[in-house]
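Look at the chain as a whole before turning to its parts.

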Amino acid sequence: MPKATAFREREPEPEIEENDIVRVSTSLITVPAEVLDRSGRYIGSLQKEDFRVYENGVEQQVAYFASVEQPFTVALLLDVSGSTQSQLEAIRSAANTFIKRLRPNDRLLLVSFDGKINVLTEAVTLNELRKKKLRLDAVNDGTLLYDTVGFVLNQRLAGLQGRKAIVLLTDGVDSGSKQATLKRNIHDAEESNVVIYTVQYNTLPQLPERLTRITNLKTREYVRTRLIKEYGVGSNYLQFLADKTGGRLYKAETLSDVPQAFDSITDELGRQYSLGYYPKGELQSGEKREIRVRMRSPNFVVHARDSYVANATASRQGGQD
């Protein structure tokens, strides 16, 4: 389903001609989009006229268009909680694979989480990263998934300029978050200008072994039922994060499937179009507006964000930061 992302982008000062309507203090809604053919191959060399953008069902005038090959800042979030203890080496290897695919001007923010949030490095270039020694240690009970996503969205990426993305590697199960919730994460993601890619790896095969530590059979069955339900909630959560920000959810049955998912993500981040429009009508703070991006050719499929939520600044200015 089409999806898109929204954030303010400065445009060159236009030349004012007679009968032009000058918009004062208006934010541009920008929508990164990827276009594929029906076989999944990337389509390049498209023009502004190939796209149609709708907000709340009303077609918008595309005021800005570019084929984007700019560097991005990516936050790689790694779940190293108890369910992953036997697979830390595979997680480390997958992270290294992802890092190697980044371009020289891209920046990486690396965060691991278990019962605490571990900022392994702030946003740095690859050259700066090579000077650092990074370790993945998991010694704290819990999985602060929601807290970590909220922390990175609101305290690490919010103040950075340029293209931004989160790549989240997790089984999707939260345990112990106190600062954020599932709903809060999704709301924050809708307000952000961050594309979120989620990679869900399957830790259910380790569940029987973990349950053997519980001697009481009734308690063991209760925990098993609860954990299976939480996995279902986690899958929906990861799908929502991807859908609402223009990213994608990748399923990894084992961690050996993760490098291929990372390859696809870095390819997609490096080849996007950027569309922009000025929304019609005054925005109210907290108002949600639906976005649909359509292609004039029926043979193309576009991936873009499907909505945005106006924040206080955007509502005063008539657009979305």
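In the largest nonpolar core there are 33 residues, and those that touch the most other members are Leu76, Phe98, Leu108, Val199, Phe262 and Ile265. A nonpolar core here is a set of buried Ala, Val, Leu, Ile, Met, Phe, Trp, Tyr and Cys residues joined through side-chain atoms within 4.5 Å. Buried means under 20% relative accessible area, exposed means over 50%, and partly exposed lies in between (1.4 Å probe, protein chains only). At least two residues of this core come from each of strand E5 (72-79), helix H1 (88-101), strand E6 (107-113), helix H2 (126-129), strand E8 (163-170), strand E9 (194-201), strand E10 (249-252) and helix H7 (258-269). Helix H1 gives the largest share, six residues. Helices (H or I, at least four residues) and strands (E, at least two) are DSSP runs, numbered from the N terminus.

The model is predicted: local features need pLDDT of at least 70, side-chain atom pairs count only at pLDDT 80 or more, and totals for chains, interfaces and linings use all residues. Residues are numbered from 1 along each chain as its sequence is written, and side-chain values use heavy atoms, with hydrogens and water left out.

Apart from neighbours within four places in sequence, Leu76 is in contact (heavy atoms within 4.5 Å) with Ala95, Phe98, Leu108, Leu109, Leu110, Val111, Val167 and Phe262. A second, separate core has 24 residues, among them Leu109, Phe113, Val149 and Leu153.

Helix H3 (residues 145-157) contains Thr148. Is Thr148 buried or exposed? Its relative accessibility is 0%, so Thr148 counts as buried. Leaving out neighbours within four places in sequence, the contacts of Thr148 are Leu77, Val111, Phe113 and Ile117.

Next comes a sheet. Strands E3, E2, E12 and E14 form an open sheet in the order E3-E2-E12-E14, with antiparallel pairing. Strand E3 (58-60) and strand E14 (307-309) are at the edges with a single partner strand each, so one side of each has no neighbour in the sheet. From one strand to the next, the twist averages 30 degrees. Helix H4 (residues 182-191) packs on this sheet, touching strand E12 (288-295) and E14, and its direction makes about 100 degrees with that of E14. Such axes are lines fitted to C-alpha atoms, for helices over the stretch in contact, and angles run from 0 to 180 degrees between N-to-C directions. Strand E2 (residues 51-55) pairs with E3 over three bridges in the antiparallel sense; two strands pair if DSSP finds at least two bridges between them. Glu55 has Val58 in E3 as its bridge partner.

Strand E11 (residues 272-277) is another case, with six of its six residues buried. In a regular strand the side chains alternate between the two faces of the sheet. In E11, Gln272, Ser274 and Gly276 on one side and Tyr273, Leu275 and Tyr277 on the other are all buried, and both faces are covered. Strand E1 (residues 29-37) pairs with E11 in the antiparallel sense over five bridges, and Ala33 stands opposite Tyr273.

Helix H6 (residues 217-245) has 29 residues, which at 1.5 Å a residue should span 42 Å, and its end C-alpha atoms are 42 Å apart, which agrees. The expected span is 1.5 Å times one less than the number of residues. Just after H6, Gly246 takes a positive phi of about 90 degrees.
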